[in-house]
Amino acid sequence: MRKLAIVNGPNTNFFGIRNKAQYGSVTYDSMMADAVAYGAERGFAVEPFQANGEGRIIDHLQELYREAEAADTVIPLVINPGAFTHYSLAIMDALESVRERVPAIEVHLSNVHKREEFRHVSYTARECVGQIAGFGADGYQLAIDAFKRMGY
């Protein structure tokens, strides 16, 4: 099976605990288990990763790049940068640096465009293939399907 990475940013590990009205009651662990199973049905070995720190996310993106380069392959990436979406130039730069070997689709559970004004801006989406927002936990599955349709 082909590897597909999922990277989740700060506070995403509190899905199902934090702000249930906005993010729903499905827990992070359940979401990732569902994504792993869904990906396997579509030929992907899904590997989730979560970090609350910007540096750890950047390090992981670079590790994915090195892994893909060593194997002379591409590793599709589903990323939910959490709040880093709206201000992390460092993660945006990391996505730009790795996009040749690690193309990304950005996912948000909520429709960020219907929320506070500052959430309408995504620096990280500028370096992604696309963005999926507002479909709850199904956003991960939609991104997996998008990569499958793109031939990854």
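1. In this predicted model, helix α3 has I57, I58, H60, L61, L64 and A68 as its buried residues. These residues lie on the same side of α3, because the arc they cover around the axis is only 160 degrees. R56, R66 and A70, on the other side of α3, are exposed.

2. The cover over the buried residues of α3 includes the strands β1, β2 and β3 (77-80), together with helix α4 (89-98). Helix α3 spans residues 54-70, 17 residues in total, and extends 25 Å between its first and last C-alpha. That is close to the 24 Å expected at 1.5 Å a residue. D72 follows α3 and has a positive phi, near 50 degrees.

3. The sheet is open and consists of 5 strands, ordered β2-β1-β3-β4-β5, with parallel pairing. Its edge strands, β2 (44-50) and β5 (130-133), each pair on one side only. From one strand to the next, the twist averages 20 degrees.

4. Strand β1 (residues 2-8) runs parallel to β2, and 7 bridges join the two. Within this pair, N8 of β1 has Q50 in β2 standing opposite. Helix α2 (residues 28-41) lies across β1 and β2, and its direction makes an angle of about 160 degrees with β2.

5. L109 belongs to the loop between β4 (104-108) and β5. Its relative accessibility is 5%, so L109 counts as buried, the cut-off being under 20%. In sequence L109 and G136 are 27 residues apart, while their C-alpha atoms are 3.9 Å apart in space.

6. For the protein overall, there are 5 helices and 5 strands. Along the sequence they follow the pattern β-α-α-β-α-β-α-β-β-α. Of the contacts with a separation of 6 or more, 78% are between residues 24 or more positions apart.

7. The protein has 152 residues, 46% of them buried.

Technical notes:
Residues are numbered from 1 along each chain as its sequence is written. This is a predicted model: local features need pLDDT of at least 70, side-chain atom pairs count only at pLDDT 80 or more; totals for chains, interfaces and linings use all residues. Side-chain values use heavy atoms; hydrogens and water are left out. Two strands pair if DSSP finds at least two bridges between them. Helices (H or I, at least four residues) and strands (E, at least two) are DSSP runs, numbered from the N terminus. Axes are lines fitted to C-alpha atoms, for helices over the stretch in contact, and angles run from 0 to 180 degrees between N-to-C directions. Contact means heavy atoms within 4.5 Å. Buried means under 20% relative accessible area, exposed over 50%, partly exposed in between (1.4 Å probe, protein chains only). The expected span of a helix is 1.5 Å times one less than its number of residues. The arc is that of the directions from the helix axis to the C-beta atoms.
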